[in-house]
Amino acid sequence: KYISKTLHGKFPDKYDEIIKLSGVGSYTASAIASFAYNLPNPVVDGNVFRVLARVFDINKPIDSAEGKKYFNKLAYQLLDKKNAGEYNQAIMDFGAVICKPVNPFCTVCCFKKNCQAFKNNKINKLPVKEGKLKIKSRWFYYLIMEYRNKIYIKKRIGNDIWKNLYEFPLIETEKKS
């Protein structure tokens with residue numbers, strides 16, 4: 001109901017309208033604008049960051065505001081404006097299949113002659129990330145509570161994983177029991 005009232009029965013077909021939808025960020029808005037409407041919006045995901053960082057030997061951290069802005073600007077400059085959806089899908093697929101994070105297929109890469117990271121032996125050093133994610137083990141033990149043919153669930157609150165989704169009550173520990 002909310003979406004149909006907000007959109008008056010029509011899904012937005014412009015980036016500036018799509019980005020206004022609740023829960024839609026710049027990446028999703030660009031992807032929808034590009035893939036659904038062929039609008040000239042670059043879709044910059046991890047694969048695209050990697051391809052651009054390696055081909056152009058860019059040392060700006062991809063997880064910094066400056067880096068994101070730089071890569072988005074470069075992606076827009078390189079974008080085939082008439083075939084945006086197809087171009088975006090191609091560069092994303094290229095990063096996923098050829099210019100992989102580990103063991104990329106540099107020997108068969110069509111950019112090998114112009115790839116600065118390949119020339120400078122920096123393939124495994126790019127893209128650069130400012131902050132490393134600290135992986136923390138968490139153990140969730142869910143309780144299924146039934147009373148009078150009803151099962152209790154609760155909404156997740158706070159700024160944690162799966163925020164605003166529903167779940168069974170749980171006990172969380174830092175060690176496996």
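Student: Is Tyr142 buried, partly exposed or exposed?
Tutor: Keep in mind that this is a predicted model. Tyr142 has a relative accessible area of 37%, so it comes out as partly exposed.

Student: And how do I read a pair of aromatic rings?
Tutor: You describe the pair by the distance of the centres and the angle of the planes. Here, Phe140 and Trp162 have ring centres 5.8 Å apart and planes at 75°, so they pair edge-to-face.

Student: Which parts does the pair of Phe140 and Trp162 tie together?
Tutor: Phe140 sits in strand E1 (residues 139–142), while Trp162 is in the loop between strand E4 (154–155) and strand E5 (166–167), so the pair links parts that are 22 residues apart in sequence. Trp162 is partly exposed, with a relative accessible area of 42%.

Student: What about charges over rings?
Tutor: Take Lys60: its charged end sits over the ring of Tyr70, 5.0 Å from the centre. Tyr70 also belongs to a cluster, linked by ring pairs with Phe49 and Phe71. Then there's Lys81, whose charged end sits over the ring of Tyr76, 4.3 Å from the centre.

Student: What does the side chain of Asn47 join in a polar contact?
Tutor: The side chain of Arg50, at 2.4 Å. Not counting residues up to four places away in sequence, Asn47 touches Met92, Gly95 and Ala96.

Key
Residues numbered from 1 in each chain as written. Predicted model: local features only at pLDDT ≥ 70, side-chain atom pairs only at ≥ 80, totals over all residues. Heavy atoms only, no water. Buried < 20%, exposed > 50% of the residue type's maximum accessible area, 1.4 Å probe, protein only. Phe/Tyr/Trp six-rings, centres within 6.5 Å; stacked < 30°, edge-to-face > 60°. Helix = DSSP H or I, 4+ residues; strand = E, 2+ residues; numbered from the N terminus. Lys NZ or Arg CZ within 6 Å of the ring centre and 35° of its normal. Polar contact = N/O pair within 3.5 Å; in protein donor to acceptor, adjacent residues only side chain to side chain. Contact = heavy atoms within 4.5 Å.
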